[in-house]
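Good morning. I will take you through one protein chain, and I will keep to what can be read from the model on the screen.

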Amino acid sequence: MTTKCGEILKRAAIPFEDEPNDALRRLLGLPDEKSRRTPPRVNGAGGSIPPGGAARFDRTKIEETILEIIRERGGWTLIKDPSSGFNIYEEVANRVGVSRELQKRLTPTGENAWRAEVGFARKNLEQRRVIAPTMESGRGVWKLKQKTSK
C-alpha cells in the first residue's frame, strides 16, 4: 500500500474500533458486514457522524485548529492552564463544532474518543515535524517546532 493510501485509510478509520476493511468499506460505500447497512461515504479526511453510529471526526480540520491555537498563543501552549481555565481539547472541540455529548463519548475500550482523536492529530503533526515532541517541549506543553536554517 502506498503512503498516501495508508494516510487516507488512517483518517477514515475510527480509532480503537475499526479494522482496515471497516475503513475501506466506509470509503467505498459498501455495506457494513456486521450490521448489513450501507454506511455513508466519507472523504479521505474523515467525515460526518452517521445516525446511531460512532463519531467520525475530520482529523485534517483538527490538525489545522491545533496549529491555529498554538500560533495564537505565541507558538506554544499548556494543554490545561488552571489559572485561565484553558483546555486545548475543549478549545479545539468548540472551534470545530464538536458537542459536549460527543466530547464525552467513549470507545469500546473505555477511552475518551475525542481526547484520542485530538491525540492522534497531535501525533500526526509531531511526525510531520510541525510541532515538537514531548521530549523537546516538556510534558503538558504543545509547541511549534523550531525551523532550523541550513
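Let me begin with a single residue. Phenylalanine 57 has a relative accessibility of 10%, so it counts as buried, the limit being under 20%. Please keep in mind throughout that this is a predicted model.

What does phenylalanine 57 form with tryptophan 114? The two form an aromatic pair of the edge-to-face kind, with 5.0 Å from centre to centre and 70° between the planes. For those new to this, a pair of aromatic rings is described by the distance of the centres and the angle of the planes. Phenylalanine 57 sits in the loop between α2 (20–28) and α3, while tryptophan 114 sits in helix α6, so the pair ties together parts that are 57 residues apart in sequence. Tryptophan 114 has 2% relative accessibility and therefore also counts as buried.

The structure holds two aromatic pairs. The other is made by tyrosine 89 and tryptophan 142, again edge-to-face, with 5.9 Å centre to centre and 75° between the planes. Tyrosine 89 belongs to helix α4 and tryptophan 142 to strand β4 (residues 141–143), so this pair ties together parts that are 53 residues apart in sequence. Tyrosine 89 and tryptophan 142 are both buried.

Now a step back to the whole chain. How many helices and strands does the protein chain have? There are seven helices and four strands. Read from the N terminus, their order is α-α-α-β-β-β-α-α-α-α-β. The protein chain has 150 residues, and 39% of them count as buried. If we take contacts between residues at least 6 apart in sequence, 45% of them join residues at least 24 apart.

Next, the helix packing. Helix α3 (residues 59–72) packs on helix α6 (residues 113–127) with the axes 9 Å apart and an angle of about 70°. Angles of 65 to 115 degrees count as roughly perpendicular, so α3 is roughly perpendicular to α6. From α3, the contact uses Arg59, Ile62, Glu63, Ile66 and Leu67. From α6, the residues include Trp114, Val118, Phe120 and Leu125. By class, the residues of this contact between α3 and α6 are eight nonpolar, one polar and four charged.

Helix α6 also meets α4. The axes of α4 and α6 come within 10 Å and cross at roughly 90°, which means that α4 is roughly perpendicular to α6. Which residues make this contact? On the α4 side they are Tyr89, Val92, Ala93 and Val96, and on the α6 side Trp114, Arg115 and Val118. The contact of α4 with α6 has six nonpolar residues, no polar ones and one charged.

Apart from neighbours within four places in sequence, tryptophan 114 is in contact with Phe57, Ile62, Tyr89, Val92, Ala93, Val96, Val98, Leu102, Gln103 and Arg105.

That brings us to the core. In soluble globular proteins, nonpolar side chains tend to be buried together. Here, the largest nonpolar core has 21 residues. Those with the most contacts inside this core are Ile62, Ile66, Ile88, Val92, Trp114, Val118 and Trp142. Which elements give two or more residues to this core? They are α3, α4 (88–96) and α6. The largest share, five residues, comes from α3.

Alanine 23 is in helix α2, and at 0% relative accessibility alanine 23 counts as buried. Is proline 20 buried or exposed? At 53% relative accessibility, proline 20 counts as exposed. Proline 20 and glycine 6 are 14 residues apart in sequence, and their C-alpha atoms are 9.7 Å apart.

Last, a point about the backbone. Most residues other than glycine have a negative phi, and most peptide bonds are trans. Arginine 129 has a positive phi, near 60°, although arginine 129 is not a glycine. Arginine 129 lies in the loop between α6 and α7 (134–137). At 65% relative accessibility, arginine 129 counts as exposed.

That is the end of the tour.

Terms used:
Residues numbered from 1 in each chain as written. Predicted model: local features only at pLDDT ≥ 70, side-chain atom pairs only at ≥ 80, totals over all residues. Heavy atoms only, no water. Axes fitted to C-alpha atoms, helices over the stretch in contact; angles between N-to-C directions. Parallel < 35°, antiparallel > 145°, perpendicular 65-115°, else oblique. Contact = heavy atoms within 4.5 Å. Nonpolar A, V, L, I, M, F, W, Y, C, P; charged D, E, K, R; others polar. Core = buried A, V, L, I, M, F, W, Y, C linked by side-chain atoms within 4.5 Å. Buried < 20%, exposed > 50% of the residue type's maximum accessible area, 1.4 Å probe, protein only. Phe/Tyr/Trp six-rings, centres within 6.5 Å; stacked < 30°, edge-to-face > 60°.
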